Amino acid sequence: MKKPRIAILGFGLVGRVAALMLHKHYQLSVYEAAESASHNGAGALAAAMLAPMAESVSCETDIAELGLKAMGIWAELLNQLPGDVMFQQAGTLVVAHTQDMGDLQSFIQRIKPLEGHSAQRVRGQHIANLEPDLAGRFHQGVYLPSEGQLDNVAFYRESYQLLQQVGVQFHFSQAVQLEQRNSAPVEVNGQIFDWIIDCRGIGAKTQNKGLRGVRGEVARVFAPEVTLNRPVRLMHPRYPIYIAPKPNHEFVIGATEIESQDSGPITVRSALELLSAAYTIHSGFAEGRVMAIEAGLRPAFDDNRPRISSKGNVISINGLYRHGYLLAPVIVRQALAKELL
């Protein structure tokens, strides 16, 4: 029996997750505006942290709880892939320098209670046990044991390889012209499909009222003198940052979001703040090699909540804000569950 045809618009994080969930039962075609599969969208730059408790400080409780549910779905998705993708659930360590203890205390007070999960106050020896490289550098912090991360570079590489192997058709450098009717079939660039999954993120701004870009800036650094076992967050009144360790002594260093739709290169000020803050966490970053310093736009609506919408046989998934890796598997599954899964 011939499989129904589905077009996935956008091959960033959400498009990849959708393709991994659908490829066994449908004939998939992917349309992507970028010229290749390796570097498109905010998901290619992100630290890929799975941090429901840390994010609960600035989001609603239900969003954080969805993030907890996504952990198990990530394990299912990654198990499909032909090669290894680092997937870690070793928690997050949050620290502050002595002069910034007020910011740490405020962060702890704003962590929302999640059923079965709690934050643990830690002091010098416990911090040293968790992260030997930080022994003596910090004397107070909080440990969030339920959190994790994955290697987004490997995920991008391995997901593309698997989908190629199973016969997904890819169309890069494609500006999409979507012809939508009230019922199936629907047409993309002259091709007929039974369903369309629109995962274009900020690329679908003209079709989504209120969608905006939120700028994120990250540095990727090779630092062989630094060893960290889990993501570390540094509280600071001006530039709270995170450092997410990846395989082979690579680290993604980033900061909180910037309310700007500027997609241009990172500024000198931002680069200096990111790298200098990393140095205050571990002096070994001084001898590290900067592999990349990049900026990207995360798609977000006014309420900073993800949005699923459907019209006829077109399903749109957008607005994951700064919670892309935290929420993508559970939001995509919700979007596809009624009609396609």
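A residue is called buried when its relative accessible area is under 20%, and A219, at 1% relative accessibility, therefore counts as buried. The legends that follow describe close-up views of a predicted model.

**View 1. A219 in strand β14 and the residues around it.** A219 is placed in strand β14, which covers residues 212-222. When its neighbours within four places in sequence are left aside, A219 is in contact with F251, V252, I253, L274, L275, A292 and I293. One of these, V252, is 33 residues away from A219 in sequence, while the two C-alpha atoms are 5.8 Å apart in space.

**View 2. The stacked aromatic pair of W74 and Y325.** A pair of aromatic rings is described by the distance of the centres and the angle of the planes. Across the whole structure, a search finds ten aromatic pairs, and among them is the stacked pair of W74 and Y325, with 5.9 Å from centre to centre and 20° between the planes. Because W74 belongs to helix α3 (residues 61-79) and Y325 to helix α8 (residues 324-337), this pair ties together parts that are 251 residues apart in sequence. W74 and Y325 are both buried.

**View 3. The crossing of helices α3 and α8.** Two packed helices are described by the angle between their axes and the distance between the axes. The axes of α3 and α8 come within 7 Å and cross at roughly 80°, and angles of 65 to 115 degrees count as roughly perpendicular, so α3 and α8 are roughly perpendicular to each other. On the α3 side, the residues that meet α8 are I63, L66, G67, K69, A70, I73, W74, E76 and L77. Their counterparts in α8 are Y325, L326, L327, P329, V330, I331, R333 and Q334.

**View 4. M71, a buried residue of helix α3.** M71 has its place in helix α3 and is buried, with a relative accessible area of 6%. Not counting residues up to four places away in sequence, M71 touches L50, P52, F87, Q89, S146, E147 and G148. M71 and Q149 are 78 residues apart in sequence, and their C-alpha atoms are 9.4 Å apart in space.

**View 5. The edge-to-face pair of Y160 and F170.** Y160 and F170 form an aromatic pair that is edge-to-face, with 5.0 Å between the centres and 80° between the planes. Since Y160 lies in helix α6 (residues 152-165) and F170 in strand β9 (residues 169-171), the pair ties together parts that are ten residues apart in sequence. Which of the two classes, buried or partly exposed, applies to Y160? Y160 is partly exposed, with a relative accessible area of 22%, whereas F170 is buried, with a value of 18%. Both residues also belong to one aromatic cluster, formed by F11, Y160, F170 and F172.

**View 6. Two arginines over aromatic rings.** R5 lies over the face of F193, at 4.5 Å from the ring centre. R307 lies over the face of F301, and here the distance from the ring centre is 3.8 Å.

View 7. In soluble globular proteins, nonpolar side chains tend to be buried together. The largest nonpolar core in this model has 69 residues, and those with the most contacts inside it are W74, F155 and I197. Helix α3 gives the largest share of this core, namely ten residues. Leaving aside its neighbours within four places in sequence, I197 is in contact with I6, A7, I8, L9, A18, L22, I315, I317, L336 and L340. A second, separate core has 27 residues, including V95, I127, L234 and I241.

**View 8. The enclosed helix α1.** Helix α1 (residues 13-22) is largely enclosed by the rest of the structure, because ten of its ten residues are buried. Among these buried residues are L13, V14, R16 and M21.

**View 9. Two residues with positive phi.** A48 has a positive phi of about 55° although it is not a glycine. A48 lies in the loop between β2 (27-31) and β3 (49-50), and at 3% relative accessibility A48 counts as buried. N304, also a residue other than glycine, has a positive phi near 60°. N304 lies in the loop between β18 (289-300) and β19 (307-311) and is partly exposed, with a relative accessible area of 23%.

Notes:
Residues numbered from 1 in each chain as written. Predicted model: local features only at pLDDT ≥ 70, side-chain atom pairs only at ≥ 80, totals over all residues. Heavy atoms only, no water. Phe/Tyr/Trp six-rings, centres within 6.5 Å; stacked < 30°, edge-to-face > 60°. Helix = DSSP H or I, 4+ residues; strand = E, 2+ residues; numbered from the N terminus. Buried < 20%, exposed > 50% of the residue type's maximum accessible area, 1.4 Å probe, protein only. Lys NZ or Arg CZ within 6 Å of the ring centre and 35° of its normal. Core = buried A, V, L, I, M, F, W, Y, C linked by side-chain atoms within 4.5 Å. Contact = heavy atoms within 4.5 Å. Axes fitted to C-alpha atoms, helices over the stretch in contact; angles between N-to-C directions. Parallel < 35°, antiparallel > 145°, perpendicular 65-115°, else oblique.
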